[in-house]
Amino acid sequence: MEFKGYRRGNGKVGTRNYTGIISTVVCANEVAERISSQVLGTVPFLHQQGCCQTPLDINRVTNVLIGLGRNPNLASVLLVSLGCESVELGAVVKGISQTGKRVETVTIQEVGGSAKAVAEGVPLAQEMARDASRLERTVCAAGDLVLGLKCGSSDTTSGLFSNPALGIASDLLVKAGGTSILGETTEFIGAEHLLAARGKDKTVGEGIIELVRRMEDRAKAVGCDMRGGQPTGGNIKGGLTTIEEKSLGAIAKSGHSPIEAVYDYGVTPEQKGLVIMDSPGREPEILTGLAAAGCNLISFATGRGAPQGFPFVPVIKITGNRVTWDKLRDHMDINVSSIMEGTETLPSAGKRIFQEMMEVASGKLTKAEICGYTKSMDIYVVGPVI
Amino acid sequence: MKIDAILIHDKDNVAVALRDIHKDEEIVIGKEDGCFRMEVSEAIPFGHKFAVRYLGKDETVIKYGEVIGRTTVAIPLGAHAHIHNIESLRGRGDLKDN
């Protein structure tokens, strides 16, 4: 099982080949966006964090920015800083540079405002995008894929068809020597005992239970029933009644592989196989966390039709709901409602998803990329804005 | 046989409608080792659940063979089972003892 990807200097493989224009703080988003909009081959990463937060969160934002910059789908990186933010620009540069890729910076307060920062950044970005365009795809093993698992806008069909089918595809990738990352800790609540039992040892099992306790305590601290927030209004309309029910369907997307390790948000796994990463279920935060953890591909099962994509990691949409497939054809990549209709088996649908993953990894565009629905991004923080 | 609803696990006390089901309709429910017929007592929208036996108040609701919540009122056989008669046991910041 092979695909064609971009082999980077540090051995990691990209499924896309962009120059990333990464804002280091919420206050630099405008400049990063303007630079990217003027240079073909670049993508912006914008977010709402990076200043006036607790040191715990500043440290997390710094590490996530490093992780994003290191993602092998980026050939090079231009960091856009305001100049007075809490995130330390030098640390981000250093962390990304270790991969061997080119990293440049533009600091708005130093160059004298946004117009000058754009004027300085555009030629740099042009040069980096031109260099990146010379790189060619080469044959890589399926084991070079780091898959992010996600489900969203779930309904009853998610737990019955699209998530189990994605689970089969994830198991196939794990068997082929690849990595698969399961997040969405909120959607372990009520199903965590099943995940913990799949932990490769006691420490992993306990780690899973602890992540869930932390997430549930955060939700409970607000003092209300979380229903309506999780499960969402849309989940409820789709027939899901409680978070326990949603979770039992959500974890099906991780298949049956053993769970090798548990990681904090945005941390790159050290081993192959299926691992867990702490994150909430909301799209901008988990897609960003998966990208920061090094995912070069994301597969996203949906019931009612979630359109979200990410700037530089392709997101494949899978639905098991025929109505969603018919209505949202420009957002859905794969239809597995055939399982419910009795015209396809679950294993066959899983194999079809795996084949699509290999094709998308080799350059086939996802629907989200084609329609430009690729701005679902933000960094998950745990403390208050202060 | 074409099924109208599915009982995912033998232990489950709710089944899932695979199409919009009308009030008082007799339907075929598929399960692991075959299927059975029953009449629903209310309209059940596609993807929603209904009770496959009488459920008393405060009874545990089972789907996928696992606990998904607890009834807040009794749910008659064939009735729609959703947020109006089932509560979650998790993430309940509104309950002091939780």
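In chain A, three strands form an open sheet in the order S2-S1-S7, and their pairing is antiparallel. Strand S2 (13-14) and strand S7 (138-141) sit at the edges with a single partner strand each, so one side of each has no neighbour in the sheet. This picture, like the rest of what follows, comes from a predicted model. As a bit of background, strands in a sheet pair through hydrogen bonds of the backbone, in either a parallel or an antiparallel way.

Next comes the nonpolar core. The largest one has 137 residues, and the members touching the most other members are A:Ile35, A:Val80, A:Ala165, A:Ile181, A:Cys295 and A:Met357. Helix H6 of chain A, covering residues 156-175, is the top contributor to this core, giving nine residues. Domain 1 (18-134) and domain 2 (142-370) of chain A both supply residues to the core, so it lies between them. In soluble globular proteins, nonpolar side chains tend to end up buried together.

What does A:Ile35 touch, leaving out residues up to four places away in sequence? Its contacts are A:Ile21, A:Leu78, A:Val80, A:Val118, A:Gly121, A:Val122 and A:Ala125. A:Val80 turns up here as a contact of A:Ile35, and A:Val80 is also among the core members that touch the most others.

Most residues other than glycine have a negative phi, and most peptide bonds are trans. The peptide bond running from A:Gln230 to A:Pro231, though, is cis, with omega near -5 degrees. A:Pro231 belongs to the loop that links helix H8 (202-220) and helix H9 (233-237) of chain A.

A:Glu184 is in the chain A loop between strand S9 (179-182) and helix H7 (192-196), while B:Asp24 is in the chain B loop between strand S2 (14-17) and strand S3 (26-31).

Is A:Glu184 buried or exposed? A:Glu184 counts as buried because it has 27 C-beta neighbours inside 10 Å, and the cut-off for buried is 20 or more. B:Asp24 has 11 other C-beta atoms within 10 Å, so it is exposed, given that exposed means 12 or fewer.

Notes
Residues are numbered from 1 along each chain as its sequence is written. Chains are lettered from A and ligands numbered from 1 in the order in which they are written. This is a predicted model: local features need pLDDT of at least 70, side-chain atom pairs count only at pLDDT 80 or more; totals for chains, interfaces and linings use all residues. A nonpolar core is a set of buried Ala, Val, Leu, Ile, Met, Phe, Trp, Tyr and Cys residues joined through C-beta atoms within 7 Å. Helices (H or I, at least four residues) and strands (E, at least two) are DSSP runs, numbered from the N terminus. Domain bounds come from an automatic or database domain assignment. Two residues are in contact if their C-beta atoms, placed from the backbone, lie within 7 Å. Two strands pair if DSSP finds at least two bridges between them.
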